[in-house]
Amino acid sequence: MANEVYYCGKCDRQQQVNEGIKCKICGKTTVSWMDFEKIADVKLKWKRING
């Protein structure tokens, strides 16, 4: 079973799904990160959403 966390590209941090989709530090929208994905791909996904 894959593990999921949310990733914030501005703070370069991850948080648990139960903490919500907005970053607890900066308030930006996070993206879902599954443990089989590469960090470079997750950073690109975050940048597409947040600019």
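This is a predicted model: local features need pLDDT of at least 70, side-chain atom pairs count only at pLDDT 80 or more; totals for chains, interfaces and linings use all residues.

User: Where does Asp-12 lie?
Analyst: Asp-12 sits in the loop between strand 1 (4–8) and strand 2.

User: And what is its phi?
Analyst: Asp-12 has a positive phi, about 50°, although it is not a glycine.

User: Zooming out. How many helices and strands does the chain have?
Analyst: The chain has one helix and three strands. Along the sequence the pattern reads β-β-β-α.

User: What about the radius of gyration of the chain?
Analyst: It is 10 Å. A compact globule of 51 residues would have a value near 10 Å, so the two agree.

User: What box do the C-alpha atoms fill?
Analyst: Roughly 30 × 25 × 15 Å, taken along the principal axes.

User: How much of the chain counts as buried?
Analyst: Of the 51 residues, 22% count as buried. The accessible surface of the chain comes to about 3,600 Å². Carbon and sulfur atoms account for 53% of that surface.

User: OK, residues again. Where is Gln-15, and is Gln-15 buried or exposed?
Analyst: Gln-15 is in strand 2. Gln-15 counts as buried, because its relative accessibility is 2% and buried means under 20%.

User: Which backbone atoms does the Gln-15 side chain reach?
Analyst: Two to mention. A polar atom of the Gln-15 side chain lies 2.8 Å from the backbone oxygen of Gly-20. The Gln-15 side chain also reaches the backbone nitrogen of Lys-24, at 3.1 Å.

User: Which residues is Gln-15 in contact with, leaving aside neighbours within four places in sequence?
Analyst: The list includes Val-5, Tyr-6, Lys-22 and Thr-30. Gly-20 and Lys-24 are among them too.

User: Let's follow Thr-30. Where is Thr-30 found?
Analyst: Thr-30 is in the loop between strand 2 and strand 3. Thr-30 is buried, with a relative accessible area of 3%.

User: What lies 2.5 Å from a polar atom of the Thr-30 side chain?
Analyst: The backbone oxygen of Ile-21.

User: And which residues is Thr-30 in contact with, again beyond four places in sequence?
Analyst: Among them are Tyr-6, Tyr-7, Cys-8 and Trp-46. Gln-15 and Lys-22 are also on the list.

User: Lys-22 keeps coming up. Where is Lys-22 found?
Analyst: Lys-22 is in the loop between strand 2 (13–16) and strand 3 (31–34).

User: Is Lys-22 buried or partly exposed?
Analyst: Lys-22 is partly exposed, with a relative accessible area of 46%.

User: Which side chain does Lys-22 join in a polar contact?
Analyst: The side chain of Thr-29, at 3.0 Å.

User: What separates the C-alpha atoms of Lys-22 and Leu-44?
Analyst: They are separated by 17 Å, and the two residues are 22 apart along the chain.

User: Last topic, charges. How many positive and negative side chains does the chain have?
Analyst: There are 10 positive and 6 negative side chains. The centres of the two sets lie 9 Å apart.

How values were computed
Residues are numbered from 1 along each chain as its sequence is written. Side-chain values use heavy atoms; hydrogens and water are left out. Helices (H or I, at least four residues) and strands (E, at least two) are DSSP runs, numbered from the N terminus. Buried means under 20% relative accessible area, exposed over 50%, partly exposed in between (1.4 Å probe, protein chains only). A polar contact is a pair of N or O atoms within 3.5 Å; within protein, one must be able to donate a hydrogen and the other to accept it, and residues adjacent in sequence count only if both atoms are side-chain atoms. The radius of gyration is taken over C-alpha atoms; the globule rule is 2.2 Å times the number of residues to the power 0.38. Accessible areas come from the Shrake-Rupley method with a 1.4 Å probe; for residues, only the protein chains shown count as cover. Lys and Arg count as positive and Asp and Glu as negative; His and the chain ends are not counted. The place of a charge is taken as NZ of Lys, CZ of Arg, CG of Asp or CD of Glu. Contact means heavy atoms within 4.5 Å.
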